[in-house]
Each structure stands twice: as structure tokens, then as C-alpha cells.
Amino acid sequence: MAKMKLGFNIPEKGGLDLLSLGALIHRLDPGHVPFRKATHCDIHVSGGEFNVAANLSDCFRLNTGIASAMVDYPVGDLIAERVRAMGVRPFYKHFKHDGVHGPNMATVYSDRGHGVRAPVVFYNRCNEAAARLKPDDFNWREIFGLGVRWFHSGGIFSALSDTSGELLIEAMKAAKAAGAVTSFDLNYRQKLWDVRGGHGKATDVLAGIVKHVDVLVGNEEDLQKGLGIEGQDVESKSSLDPAAFYALIEKAVKKFPNIKIVATTLRQVHSTNRHSWGAVAWINGKTFQSPTCELDVFDRVGGGDGYASGFFYGLLSGASEQESVNLGWAHGALLTTFPGDTTMATLEQVKAFAKGGSARIQR
């Protein structure tokens, strides 16, 4: 097998293939019914950083962990049970709930929309335990001493508070010192940054984090708004055309020369339930693009995390650059066919679709 020219070395062995740092949340999902008319909800356990660890464990059969806040009350118990069910090893900073005000495990509300009606997402992150996390809350020497091959976090966690961003930088430095690959999903969420000081605050915080990152995940909007990189209007061209994204990568890498890989999904939304889907990666100066497929979307939340986890799996398992992009693309596509934010796909399904599989019935 030809060795990939990634610009960094991935440790071949470790007690954990991937460790994530981020907030655990629960998402209330009324399905296709808008919240103002909802009479019941499904509950999904999620978090952009957790999703990657959960997908890599449940579908891709890797050993993963999550460092996060946990509140000792029934909502926390529900979330902790789902973390166990997905096979993710927890490293928790525990908080006591006062019975009235918290601290709390965050709630995200997200209906699925339908047809011409887009999904609507809003939050209740008041007095969120994860926002209280700060440097020295985790013994990184002990955790990374287990042997961590890859460390991952994201922009959602960094947006929660000043101390969450400081903790993330502390963890990135510890990961680099331990020889782990570091990745970061920009995941720019304007609603979260607006209450922290807006766009200027975001670019300052994210720049301080990204200078410690090997692998960056983010689309055109993430690069422009999260890193303050100038580019064209993200709506001015088909989102399946990677040319503008490649141009932004050149600017991003010039600004942050430590970055060796930039990856993103390509999505053209025809309606809430019909998307054209692709993916690309810039790897140490070379570009790789997936096939394109048409998605009949059941639940779009988590598709980007699905791509990231499949792509990381490819790199961790020694697949080629192109195979890694295709595995991420295939897994992200499959993830949109399930309810919830984390995977229900099998490794065999992902590999078959990545090689050109179909939706023909399996008997």
C-alpha cells in the first residue's frame, strides 16, 4: 500500500483511535411538525464533536472517547446512557444540579421541515454545564497517556464561553505534545457567536485555535465567517462546484500554514428532502473529489459529521486519499437516511456505497 503524503504522521496504534472534546446535548425532534404545533418529540443525543466519536465507534468499529461536562440529574443520565450505547468512552467533569436552575445539559430544538419548508433550529443553552468547562478540568497527561491517535473538536464548543475556548487550546497543545493528529470542525453557528460578541469575536477565538490544527473541516461559509477569509458570496454559485472552495483553501493555508488537510461536503439543496451531495478534500496541496449522488433526505442533521467521521476513518485505517473522501461521502449520505444525529449505518453498507452500491433490496 502506497504511503499517503498527508504532511503529518498518524500514530499506528493507541488505546484510543480518536478523542473528542465538546458539549453533549439532547435534541428534541417533533419530526415534520413545526414546534408551535407539536404534541410529542423524539429525543436524540448529539453534539458536533460527540457525533464524530460515536460514528467512528458504532459504524467504523474504532475505539473512541469524549471529554465533556456531565450533570448528575435525569437528563444527564439519559445522555450518558446513549454515550455508553454508542460505545464511546466518557471522560466527564461532573456537575451537581441544584434542582431548579441547573447547571443544565443543553437542549437543541430542530424540526425536519418538509419540501419547500426548511428545517428550523433554535437552542436553550442557558446555564449550560459545558460552558463552565475550563483549563485544568481534565488530566490531559493521563488521558493522552492512554495513547490517542487523533484529537478532534469544533467551533460549537469554542463558541460556548471564554473558558471553553481556552480549554480547547490547552487540549490541542496536549494532543500535539503527545503526537496525536489534531482536527477541528469550524461549524460556524451565527446564533451562538452573536451572543458572545459577534463575527469579530469568532474570528479572534477561532484563529487562536486553528493555528494548532492539522486537519480543518469547514465549508465556504465556515472559512469566510469563521476565519475571516474573503471570498465570493457563498450563494452565487452552485454549491457542487468546488472551484471557489479551492480558492478559499489557498488563502486559508497561507494564513495558517500548519494546516495540512481541509475537507468539506458539497450540498445543493433542491428542497428540504432532495439534495445533490458530494464532498472534497485538499490534502497537502492535492485535491480529491467524491462522486455526486441525489439524496432523499429523512433527517439532514449530522450529515457533515457523518462525512468527517468516514473521512477520518479512511485516513486512520490506511485507505488512500481518494478512498477516504469516498468513505466520508458515502457515510454522510447514508446518515441522512436515518433519524437523529448519529449513525445507524454498518461499515459494510458504507464500503459498498463508496464503491458504487445501490439502493436495491438486500435479500
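This is a predicted model: local features need pLDDT of at least 70, side-chain atom pairs count only at pLDDT 80 or more; totals for chains, interfaces and linings use all residues.
Me: Where is Thr264?
Reply: Thr264 lies in strand 11 (residues 261–271); strands are DSSP runs of E with at least two residues, helices are runs of H or I with at least four, and both are numbered from the N terminus.

Me: Is Thr264 buried or exposed?
Reply: Thr264 is buried, with a relative accessible area of 5%. Buried means under 20% relative accessible area, exposed over 50%, and partly exposed in between (1.4 Å probe, protein chains only).

Me: What does the side chain of Thr264 reach?
Reply: That side chain comes to 3.3 Å from the backbone oxygen of Gly218. Leaving aside neighbours within four places in sequence, Thr264 is in contact (heavy atoms within 4.5 Å) with Gly218, Asn219, Phe245, Ala279, Val280 and Tyr307.

Me: Phe245 is in helix 9, then; which residues make the contact of helix 8 with helix 9?
Reply: Helix 8 contributes Glu220, Leu223, Gln224 and Leu227, while helix 9 contributes Ala244, Phe245, Leu248, Ala252 and Lys255.

Me: How many of them are nonpolar, polar and charged?
Reply: The contact has 6 nonpolar, 1 polar and 2 charged residues. Ala, Val, Leu, Ile, Met, Phe, Trp, Tyr, Cys and Pro count as nonpolar, Asp, Glu, Lys and Arg as charged, and the others, Gly among them, as polar.

Me: New topic: where is His114?
Reply: His114 is in the loop between strand 6 (107–110) and strand 7 (121–124). It is partly exposed, with a relative accessible area of 45%.

Me: Which residues is His114 in contact with?
Reply: Apart from neighbours within four places in sequence, His114 is in contact with His32, Thr272 and Asn273.

Me: How far is His114 from Arg27 in space?
Reply: Their C-alpha atoms are 18 Å apart, and the two residues are 87 residues apart in sequence.

Me: Which residues of helix 5 are buried?
Reply: In helix 5, Ser164, Gly165, Leu167, Leu168, Ala171, Met172, Ala174 and Ala175 are buried. These buried residues pack against several elements, including strand 1 (18–21), strand 8 (150–154) and helix 7 (198–210).

Me: What follows just after helix 5?
Reply: Gly179 is there, with a positive phi of about 90°.

Terms used. Residues are numbered from 1 along each chain as its sequence is written. Side-chain values use heavy atoms; hydrogens and water are left out. A polar contact is a pair of N or O atoms within 3.5 Å; within protein, one must be able to donate a hydrogen and the other to accept it, and residues adjacent in sequence count only if both atoms are side-chain atoms.
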